[in-house]
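Subject: Structure handover and findings

Dear colleague,

Please find below the structure that I am passing on to you. I would be grateful if you could look through it alongside the notes that come after it.

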Amino acid sequence: MGAKVLMLITVAMAMLGMVLGASHTVGAPAGSWVLQTNYTLWASRTRFTTGDELQFQYSTTMHNVVEVRKAGYDSCNSSNPIATFLTGNDVVPLAAIGTRYFICGVPGHCVAGMKVQVNVKSKAVRTVQRCRGTGKRLRCRSETVLSSATTAGIDQSVVARLGLAIVAAGLVLFF
């Protein structure tokens with residue numbers, strides 16, 4: 001019976017993770033918030049959507065995280081920060097669509113590449129490439145489409161609540 005309960009809890013957590021968003025450890029899997037990581041490459045391989053979060057992991061004696069505007073990012077200037085993080089395990093929610101800029105405020109670190117630009121997209125919209133033809137006559141075009149949940153008119157919070165209700169009912173039945 002304990003295995004069944006554990007299975008139900010695991011399924012519930014997975015459903016919540018899909019609905020609520022992903023947690024992205026900055027620089028993972030190869031690194032973290034350190035001088036050796038290529039953050040431009042890392043960010044280009046990751047899709048950030050509203051509801052996700054960034055997790056910065058670093059040594060507080062060596063680094064910090066400063067959120068800045070584009071000008072501060074481009075010039076590596078942390079003198080006018082939007083926010084400063086100092087815990088070594090900082091979690092930054094990505095609640096809105098747009099571009100966010102983060103740098104290490106320790107002198108010389110940003111210039112050495114310790115900065116990341118994150119482009120946050122909507123979960124409801126995605127880009128699809130559609131192609132027609134064959135061989136050299138292949139014609140492709142990209143178009144933006146609504147996700148299947150949005151097209152069907154499904155509210156993601158309703159899906160989460162339904163999933164939790166199912167898990168709760170399952171727990172009641174097992175006990």
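The following paragraphs set out what was found in the structure.

Please note that this is a predicted model. The secondary structure of the protein chain consists of five helices and ten strands. Of its 175 residues, 30% are buried. Among contacts with a separation of 6 or more, 64% are between residues 24 or more positions apart. The chain exposes about 11,000 Å², and carbon and sulfur atoms supply 60% of that area.

I would draw your attention to an open sheet of five strands, in the order β2-β8-β7-β4-β5 and with mixed pairing. At its edges stand β2 (48-49) and β5 (83-85); each has a single partner strand, so one side of each is left without a neighbour in the sheet.

β2 and β8 run parallel and are joined by two bridges, with Phe-48 opposite Val-120 in β8. Strand β8 (residues 115-121) is in turn joined to β7 by six bridges, and these two strands run antiparallel.

In general terms, the strands of a sheet pair through backbone hydrogen bonds, in either a parallel or an antiparallel manner.

Yours sincerely

Note on methods. Residues are numbered from 1 along each chain as its sequence is written. This is a predicted model: local features need pLDDT of at least 70, side-chain atom pairs count only at pLDDT 80 or more; totals for chains, interfaces and linings use all residues. Side-chain values use heavy atoms; hydrogens and water are left out. Two strands pair if DSSP finds at least two bridges between them. Helices (H or I, at least four residues) and strands (E, at least two) are DSSP runs, numbered from the N terminus. Buried means under 20% relative accessible area, exposed over 50%, partly exposed in between (1.4 Å probe, protein chains only). Contact means heavy atoms within 4.5 Å. Accessible areas come from the Shrake-Rupley method with a 1.4 Å probe; for residues, only the protein chains shown count as cover.
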